[in-house]
Amino acid sequence: MINGIFIIIDDINGLSKTPEFANWYKSFADTMATEFRGKSPIGVMLVGYPEKLNSLFNHNPSFNRIFRHYEVEPLDKKEVSDFFTDTFHSVKMKINKDALETMVVFSSGQPTLMQEIGDSVFWEDQDNLIDETDVHKGVMEAGLRIGKKFFAPIMDKSIISPKYKSILEKMGKNPAMNFRKKDFQDAYLNEEEIKVFPDFLKKARELNILETDGMGNYNFLNVMYPLYLLSLSLKNSS
């Protein structure tokens, strides 16, 4: 006998772009709560990155009160290392220590990154022994794949305009999850770039690429963003 249904909606990128889903789900949840008096036989879980869920909340502020929030912490370094070691071992491939450490660092404990990096490195290898050369090529390819899926779709013409292009390139050549505005511009930007840097940062915040604490410190909302910019930089220089 079935007592209820549990629905998991994974990868909510598309659903978060417009208010239709947020408004529909709020109405659906209100109806279910009224009909079943708080004991609905249907449970729903949305799975996505924080910035995508924030988009839904922005579309309908009441949406935030419907769900309980559970943050899944990144895997630790040993778990990531064991994942790569066991996976490659299962197909009779070895990986040297330095190559493994590089894959662990770039994966940042994120399953999506681990999957893409592992797959890219697998196809780069030719001798069943994964070394730094294989990983370098694999990480670059994985970054481009990830960027096309998650980063490129939210980059509109305003952020990739000619006046911001050189800033994006320098972020790719000097990748970091976070930076201080003054330190970055003093170290890497020329006079013309410094003039448009505040507008660039404002646009990046509007697109949920960057967030700030209001004191000049900026942080990428997802580790995939700097990885994508790094991959573009490596591709352009190769």
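This is a predicted model: local features need pLDDT of at least 70, side-chain atom pairs count only at pLDDT 80 or more; totals for chains, interfaces and linings use all residues.
I started with α5 and α6, which are oblique to each other. I took the angle next: the axes of α5 (residues 111–124) and α6 (residues 132–151) cross at roughly 130° and come within 8 Å.

Then I looked at the handedness, and α5 passes α6 in a right-handed crossing. Which residues of α5 meet α6? From α5 I listed T112, L113, E116, I117, D119, S120, V121 and E124. Facing them in α6 I found D134, V135, K137, G138, V139, E141, A142, R145, I146, K149 and F150. I sorted the residues of this contact by class and got eight nonpolar, three polar and eight charged.

**Next entry: α4 on α5**

I moved along to the other helix I had noted beside α5. Helix α4 (residues 97–107) packs with α5 at an angle of about 145°, and their axes are 9 Å apart. Here too I noted a right-handed crossing, with α4 passing α5. On the α4 side I wrote down M103, F106 and S107. The α5 side of this contact consists of L113, M114, I117, G118 and V121. How many charged residues does the contact of α4 with α5 have? I found no charged residues there, with six nonpolar and two polar ones making up the contact. I also saw that L113, I117 and V121 of α5 are in my list for α6 and in my list for α4.

**Next entry: the sheet**

I turned to the strands and found an open sheet of three, ordered β5-β7-β6, with antiparallel pairing. Which strands stand at the edges? They are β5 (178–180) and β6 (210–212); each has a single partner strand, so one side of each is left without a neighbour in the sheet. I read an average twist of 25° from one strand to the next.

I checked the pairing of β5 with β7 (residues 217–220) as well: three bridges join these antiparallel strands. For F179 I looked up the bridge partner in β7, and it is Y218.

**Next entry: α9 and α8**

What lies across the sheet strands β5, β6 and β7? It is helix α9 (residues 191–206), which runs at about 105° to β6. I then followed α9 to its contact with α8 (residues 181–188), where the axes come within 11 Å and cross at roughly 145°. I marked this crossing as right-handed too. In α8 the residues are K181, F184, Q185 and Y188, and they meet E193, I194, F197, P198 and L201 of α9. By class I had six nonpolar, one polar and two charged residues for α8 with α9.

**Last entry: aromatic rings**

I finished with a search of the whole structure for aromatic pairs, and it gave 16. One of them is W24 with F28, a stacked pair at 5.2 Å centre to centre with 10° between the planes. I looked up where they sit: W24 and F28 are four residues apart in helix α1 (residues 19–36), which means about one helical turn separates them.

Terms used. Residues are numbered from 1 along each chain as its sequence is written. Side-chain values use heavy atoms; hydrogens and water are left out. Axes are lines fitted to C-alpha atoms, for helices over the stretch in contact, and angles run from 0 to 180 degrees between N-to-C directions. Helices (H or I, at least four residues) and strands (E, at least two) are DSSP runs, numbered from the N terminus. Angles under 35 degrees count as roughly parallel, over 145 as roughly antiparallel, 65 to 115 as roughly perpendicular and the rest as oblique. A crossing is left-handed if the near helix is turned anticlockwise from the far one by less than a right angle, and right-handed if clockwise. Contact means heavy atoms within 4.5 Å. Ala, Val, Leu, Ile, Met, Phe, Trp, Tyr, Cys and Pro count as nonpolar, Asp, Glu, Lys and Arg as charged, and the others, Gly among them, as polar. Two strands pair if DSSP finds at least two bridges between them. Rings of Phe, Tyr and Trp (its six-membered ring) pair if their centres lie within 6.5 Å; planes under 30 degrees apart count as stacked, over 60 as edge-to-face and the rest as tilted.
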